[in-house]
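The entries follow in the order in which I made them.

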Amino acid sequence: MTVQFPKGFEWGVATASYQIEGAVHEGGRGESIWDRFSHIEGNIQNGDTGDIACDHYHLYKDDVALMKELGVKTYRFSISWPRIFPNGTGDVNEEGVQFYRNLLEALHEAGIEPAVTLFHWDLPQKLQDKGGWLNRETADAFATYAKTCYERFGDLVPRWITHNEPFVHAFLGHYFGEMAPGMKDLRATLQVSHHLLLSHGMAVKVHRELGLQSEIGITYSTSSVYPANKHVKDKEAAELYDGMLNKWFFDPVLLGSYPEDIKSRYEEAFPLDFIQDGDLDTISQRIDFCGINYYFRTIIAYDNTVPFWNGREVQKEHAERTAMGWEVYPDGLRQRLLECKERYGNLPLYITENGCAADDVVNEGKVDDSFRISYLDRHFKAMQEAIEQDGVNLKGYYLWSFLDNFEWAYGYDKRFGIVYVDYETLQRVKKDSFYWYQQVVKENGLPS
Ligand SMILES: OC[C@@H]1[C@@H](O)[C@H](O)[C@@H](O)c2nc(CNc3ccccc3)cn21
């Protein structure tokens with residue numbers, strides 16, 4: 001008995017501009033905060049940068065041909081804001097527009113439907129120089145950038161995603177400091193997260209005003225959060241951590257308010273005076289779907305040395321882990337999908353990222369990545385249970401990632417692709433998981 005998905009379930013693959021394009025000084029592109037951050041010594045493993053990456057900017061036609069061979073219905077990628085507006089605002093860079101029109105036309109020719117992410121962290125440096133997302137005017141600039149993209153590409157884009165993972169950009173970029181722009185300030189982080197959500201709402205509003213037929217949503221990093229054990233303190237800490245990680249970003253968009261438990265703790269330390277009247281109405285504009293990026297679960301133990309959410313992540317001993325050290329926990333995906341349905345209603349969901357890093361090697365032109373196949377197989381079974389047994393309105397899946405690519409602070413050591421990239425030659429090598437996923441797409445299900 002195979003594991004079958006509903007008719008019309010959309011199978012896809014995903015990438016992001018800074019992670020695959022390269023050509024950072026070509027085609028009129030302006031500097032992004034990731035160009036600046038990756039060139040600061042010590043920020044990226046091995047001193048890697050996205051200067052060349054997979055050179056997708058020059059090799060996109062070959063990559064689209066590989067996607068066509070794979071047989072996917074849809075492809076999620078992001079537009080590099082500084083390719084469209086080199087200075088963040090002002091004059092449009094026509095070469096940048098042309099690159100994405102060429103890519104979109106190649107996808108159309110190949111019968112692959114694009115899902116375009118407007119912001120996957122590569123903010124124009126010129127905007128960062130004016131405060132970046134700390135500056136409320138960046139939200140206005142984002143709305144103008146979004147409107148320009150709708151106008152220039154809307155005829156070829158059926159699905160828009162405003163932001164990729166506001167939690168990660170806000171917290172890892174402005175509190176933990178391990179991502180661009182490398183700040184370490186919680187109040188700034190909350191201001192950034194608010195302006196990211198505000199810009200999302202502004203971009204949705206413009207999309208509706210243009211009367212576009214396409215659909216629009218947002219993509220969240222998310223994890224199912226579990227208490228380390230049954231003590232009430234651990235349960236409370238897990239609740240607060242879930243508030244910090246999930247509810248703080250999902251609730252404003254889907255419920256029109258911030259979660260009170262964590263909000264009141266933040267307000268004990270500083271006023272959230274960057275939240276202005278009407279902002280939550282803008283943020284909670286109706287959206288057509290919600291994107292879920294799931295990779296692992298999170299286990300939280302009470303720790304009162306951690307401010308605000310009083311909890312720290314703990315690792316399950318002897319757990320199976322990916323090359324990122326992330327626990328393989330497919331049930332957490334089913335759990336998180338059910339939580340979303342129960343808290344937010346049954347709006348359409350897409351898994352906009354899921355996959356794993358593995359220590360892939362090429363051997364006689366092949367890559368045996370059976371670990372990745374096993375990871376994906378188990379997560380697909382969890383998805384199918386969520387649909388068939390929990391009634392979750394899951395419409396599709398984007399595998400992270402199509403290509404091995406620049407894995408942010410980890411550089412090129414961490415390989416997530418179903419296509420191997422030799423960074424010396426830029427040659428692409430289809431991994432075993434490519435052929436396995438090709439069969440899943442063809443059969444719309446798994447051999448049991
Ligand atoms: O690390 C793999 C990918 C990365 O390459 C993508 O650009 C990014 O969208 C991405 N997000 C996650 C998940 N991050 C996450 C962080 C904290 C809690 C839950 C998820 C993994 N990935």
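I began with the ligand and found 19 residues around it, of which Gln19, His120, Glu165, Glu353 and Glu407 come nearest; a residue counts as near if one of its heavy atoms lies within 4 Å of the molecule. I note that this is a predicted model, in which local features need pLDDT of at least 70 and side-chain atom pairs count only at pLDDT 80 or more, while totals for chains, interfaces and linings use all residues. Residues are numbered from 1 along each chain as its sequence is written, and side-chain values use heavy atoms, with hydrogens and water left out.

By class, I listed the shell around the ligand as 10 nonpolar, six polar and three charged residues, where Ala, Val, Leu, Ile, Met, Phe, Trp, Tyr, Cys and Pro count as nonpolar, Asp, Glu, Lys and Arg as charged, and the others, Gly among them, as polar. Helix H8 (166-174) and strand E6 (215-222) each supply at least two residues of this shell; helices (H or I, at least four residues) and strands (E, at least two) are DSSP runs, numbered from the N terminus.

I then looked up polar contacts, meaning pairs of N or O atoms within 3.5 Å. Oxygen atoms of the ligand lie 2.7 Å from a polar side-chain atom of Gln19, 3.1 Å from one of Asn164 and 2.7 Å from a side-chain N or O atom of Glu353. Taken alone the ligand exposes 490 Å², and the protein buries 91% of that (Shrake-Rupley method, 1.4 Å probe).

For the aromatic rings of Phe, Tyr and Trp (its six-membered ring), which pair if their centres lie within 6.5 Å, I noted 54 pairs. The rings of Trp81 and Tyr145 are stacked (planes under 30 degrees apart), because their centres are 4.7 Å apart and their planes stand at 5°. Trp81 lies in helix H4 (residues 81-84) and Tyr145 in helix H7 (residues 137-153), so this pair ties together parts that are 64 residues apart in sequence.

Last, I turned to the backbone, bearing in mind that most residues other than glycine have a negative phi, and most peptide bonds are trans. The bond from Ala180 to Pro181 is cis, with omega near 10°, and Pro181 is found in the loop between H8 and helix H9 (186-209). A cis peptide bond also joins Trp400 and Ser401, with omega about 10°.

Methods: A polar contact is a pair of N or O atoms within 3.5 Å; within protein, one must be able to donate a hydrogen and the other to accept it, and residues adjacent in sequence count only if both atoms are side-chain atoms. Rings of Phe, Tyr and Trp (its six-membered ring) pair if their centres lie within 6.5 Å; planes under 30 degrees apart count as stacked, over 60 as edge-to-face and the rest as tilted.
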